[in-house]
Amino acid sequence: VASCERGDRLGCSALCAETPPSASACVKLGLALSTGSARDDVRAARSFERACSAGDPEGCARFGRAQYNGRGTERVPERARDNFQKACDAGNALGCAGLGHLLTLGQGGLAKDPKRGVELVKRACDAGEQRGCALLGLARLNGIGREKDLASAWKIFEVACDKGEDRGCLGKAVMQFEGLGGIARNPSAAVTLFRRSCEGDNKDACPYLGLGYLGGLGLPRDIARGAGMLAQACEQAPPAGCALLGELHVAGRAPESDPKKGGELFQRACDHGMPEGCVAVGRAMLGGSLGLPRDPRAGSKLILDACKTENANACTHLAMLEVRGGGTGEQTVPAAQKRAGDACQAGHAPACTLLGGLVVQGVGGKPDPVRAIDYFKKGCDGGDGTACAFYGAQLAEGAGVKRDAERGLELLERSCE
């Protein structure tokens, strides 16, 4: 017992192997096996499982995490839910954080309930569980459960990061990388945090390192290393990096690019619950590309299901299908306009571009270039190049707005970039 208390793995292993096992020793052993050069995810998961079976809430919470992430054991979100629930009911903050995360996303067989989910992660954070704080920061950043509060998100991430929570550091780094919430854009500082998290236990940070290499942001531009970081993340912590790497393969930018490989990566992302991956698979199935079978009905259902997760990108693609009558063959313009409007209001620039296109062409009504210009401007301000092209063209021609050829040409040039 004394050797286990001192952190000796052999001592903890012996106590955990007893019948009945020492639950606290199993937790200590699992934690020791989860980090370092001698990391063994399979043995760690088994240790947490034994602790949970012995009635230890912390063991249940950590085994739930292993089940949710598929780390050292089969990925089964529904079983993770049960263990998170068991731990949370016993007052374990990590279990409440995990359960809140599932409720926020509507995963693990639970109905999506962002308000309840955020309440649970806040309870975990208030109890000092920094993983709960990182999830709370993420909710504030994305406006989950209430309006966005970027200043609050930054403070939460900063404190969690200072207390050693990798996901807190990741949130802080993302805000620095993108210059969110009035935080000065600082890719170099962000990359330092991304690297620390990626080299630690949080492989979700690795794709951001990949983006740094791909775009030369805070790192020297290096396509091969960037793709390698995405591949590492996709292999070790899917769906992180899978969809981005798939996009590189489809665009012909990955080393030894292969569209079929892109399809496989999108499928892997989708299988691990990433809506963007499911949208990409669905779009490919509409036409039978990327090595995937042609099945318009199944493809449109994937996009519909992804939209049900309130993913703005998925809803925008679904609106495009509804306008064209693709997948199901039914054209439902009013539903498409409502869906695109909601996504545009949520800040998804391509949805604003779609709305502008519908309005300027008079789909579902009379052409209205005056209204369209507002949508194209919003899409362009949000970074969508297509919106900038349409906005610039209308300015250059004076369609629905006072003519400004110089500004119009500037926007057309920006869209080409």
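Which cysteine does a disulfide join to Cys 234? The partner is Cys 242, with an S to S distance of 2.1 Å. A disulfide here is a pair of cysteine sulfur atoms within 2.5 Å. The link of Cys 234 and Cys 242 is right-handed, with 100 degrees about the S-S bond. Cys 234 is buried at 3% relative accessibility, and Cys 242 is buried at 0%. Buried means under 20% relative accessible area, exposed over 50% and partly exposed in between (1.4 Å probe, protein chains only).

The model is predicted: local features need pLDDT of at least 70, side-chain atom pairs count only at pLDDT 80 or more, and totals for chains, interfaces and linings use all residues. Residues are numbered from 1 along each chain as its sequence is written, and side-chain values use heavy atoms, with hydrogens and water left out.

The structure holds 12 disulfides. Another of them joins Cys 198 to Cys 206, S to S 2.0 Å. The torsion about this S-S bond is about 95 degrees, so the disulfide is right-handed. Cys 198 is buried at 3% relative accessibility. Cys 206 is buried at 0%.

Cys 52 and Cys 60 also form a disulfide, their sulfur atoms 2.1 Å apart. Its S-S torsion is about 90 degrees, so this disulfide is right-handed. Cys 52 is buried, with a relative accessible area of 8%. For Cys 60, also buried, the value is 1%.

Cys 416 is exposed, at 72% relative accessibility.
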